[in-house]
Amino acid sequence: MNVADAIRNRKSTRAFLPREVTEAQLRELLEVARWSPSGGNTQPWQLYALSGTGMSRFQEAFKAEMAANPRGDRTEFPIYPEGLKEPYRTRRYVCGEALYASIGIPREDTPGRLRQLGRNYEFFGATAAVFFTIDRQMGLGQWAHLGMLMQSVALMAESMGLATCMQEAWMTRHTFLRRFFEIPEHLQTYAGIAIGYADHSAPINQWRTERAPLDEFVIFAK
Ligand SMILES: Cc1cc2nc3c(=O)[nH]c(=O)nc-3n(C[C@H](O)[C@H](O)[C@H](O)COP(=O)(O)O)c2cc1C
């Protein structure tokens, strides 16, 4: 698969088949993704990967977490800025509406929406995942570099016939993640990426987000 195809084909997959993704596959994927760039080659990240028995143990531990802490944690920083302005607010709204419309959940069905949100914490059925943390010393620049690594993981997964969903939803479970993986305090937990085999027949995988056309966000100086 060439890079253009990987970029265009990657999308957030929110229903996966129960087919196993092995640690060997994750290693193959991460062996390539680790070549992502970072300023000064700092590689300011630490990753935590789940598959096989690690995934089973995680899911078991998460059941206890849900019982003890059903509402989750307050995130360590806001997922979106407060009072998100236009055009971002509308873009976010349109994306959410399309997602819920694809599975027939109307706006007023709050329990239905919460149930779907809860699927994040099952990795939407994916059998593998990677969590991303970054040293707390790092600033905005290094956070951008972490994003490059995440995209590399997603694109490499794509090229291996795997599908992904990036998941900031895990930011509401940072105390659980810290306990489960024994993440040291100097690392800031961020998002996860669910990795698995897409269930192409699932209605939630039948839609795609749009993107702004070039002329809306690129100025070509003359
Ligand atoms: C860092 C990051 C975190 C995300 N977190 C979530 C999440 O927690 N749950 C979810 O369903 N989608 C999540 N998404 C998916 C976005 O909604 C999605 O990337 C966006 O709507 C564009 O759609 P596409 O990925 O299908 O191209 C996340 C995306 C990114 C880049």
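On a 1 Å grid over the protein atoms alone, a pocket is an open set of points where a 1.4 Å probe fits, with protein on both sides within 12 Å along at least five of seven lines. This is a predicted model, where local features need pLDDT of at least 70, side-chain atom pairs count only at pLDDT 80 or more, and totals for chains, interfaces and linings use all residues. Residues are numbered from 1 along each chain as its sequence is written, and side-chain values use heavy atoms, with hydrogens and water left out.

**Exercise 1.** Find how much space lies in the second largest pocket, and which residues are closest to its centre.

*Solution.* Start with the volume, the space filled by probe spheres set on the points: about 390 Å³. Next, take the lining, meaning residues with an atom within 4 Å of a point. Of its 16 residues, L26, R27, L30, L47 and A49 are the closest to the centre. Finally, α2 (23-33) and β1 are the elements that each give two or more residues to this lining.

**Exercise 2.** Check the span of helix α4 (residues 88-102).

*Solution.* Helices here are DSSP runs (H or I, at least four residues). The expected span is 1.5 Å times one less than the number of residues. After α4 comes G104, with a positive phi near 70 degrees.

**Exercise 3.** List what F58 touches, skipping residues up to four places away in sequence.

*Solution.* Look for contacts (heavy atoms within 4.5 Å). F58 touches L50, F123, F131, W170, F176, L177, F180 and F181.
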